[in-house]
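Please have the viewer open as you read.

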Amino acid sequence: MSKQFAIIGMGRFGSSVARTLYEMDYEVMGIDENEERINENIQFVTHAVAADSTDERALKEIGIRNFDVVVVAIGVDIQASILTVLTLKELGVKKIVAKAQNERHGQVLYKVGADRVVFPERDMGVRVAHNLISANVLDFIELADDYSVAEVVVSSKFVGKNLRQLDIRKNYEVNVIAIKSGDKFNIAPSPDEVIQYGDVLVVIGNNKDLKAFEERA
């Protein structure tokens, strides 16, 4: 049986997450105390409920414990965000993912029970900045303070050579974890994989080494 998701807070971020999961054929419940937001997104979720997420009784009635993952995507109301995560934790929700406004907010969310905290604005800012610095960087995802994953379009000097010849790990101190060739996605490619024109390398490594690779790739 596929995972079931509940999205609490159907603003721009929450509705985007809900719609993406729904289009991937997952069962998604959208929850927001604002009925207008619920009505705007009702065609992009499996179920939609207008409810106060800080109300324990309301969440019990929804059957929130039955969902595999609950995403707390509440926007500017930090207090409601924290109280919602705390209530979900007390109700025994399996996995809680919460949106944070800033680092301090994120720290509190972890303390009250969030399993994962995301920073949409900060993360998007990081991605845009890396794209501005290097036009061949398509995406950049920060994993920790010092380590990230980057998608880098290879230059002509890589084309026609295999990974063994390029020896990227030795020469750039980053690891190739996948190669994207058009619609194909090759995870853990072999050393004999030949780089083609237009290929995108998905690499992981220290941010300092990734920056050097982005500039030289």
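This is a predicted model: local features need pLDDT of at least 70, side-chain atom pairs count only at pLDDT 80 or more; totals for chains, interfaces and linings use all residues.

## Helix H4

Let's begin with H4, which runs over residues 78-90 and counts 13 residues. From its first C-alpha to its last it reaches 19 Å, close to the 18 Å expected at 1.5 Å a residue.

Which residues of H4 are buried? They are Ala-80, Ser-81, Thr-84, Val-85, Thr-87 and Leu-88. Because these cover an arc of only 165° around the axis, they sit on the same side of H4. On the other side, Gln-79 and Glu-90 are exposed.

## What covers H4

Just after H4, Gly-92 has a positive phi of about 85°.

## Helix H1

H1 spans residues 12-23, twelve residues in all. Its reach from first to last C-alpha is 16 Å, close to the expected 16 Å at 1.5 Å a residue.

Here the buried residues are Gly-14, Ser-15, Ala-18 and Leu-21. They cover an arc of only 135° around the axis, which puts them on the same side of H1. Arg-12 and Glu-23 are exposed, on the face turned away from that buried side.

## What H1 packs against

The partners of the buried H1 residues are E1, strand E2 (27-32) and helix H2 (35-41). Just after H1 comes Asp-25, with a positive phi of about 70°.

Conventions: Residues are numbered from 1 along each chain as its sequence is written. Side-chain values use heavy atoms; hydrogens and water are left out. Helices (H or I, at least four residues) and strands (E, at least two) are DSSP runs, numbered from the N terminus. The expected span of a helix is 1.5 Å times one less than its number of residues. Buried means under 20% relative accessible area, exposed over 50%, partly exposed in between (1.4 Å probe, protein chains only). The arc is that of the directions from the helix axis to the C-beta atoms. Contact means heavy atoms within 4.5 Å.
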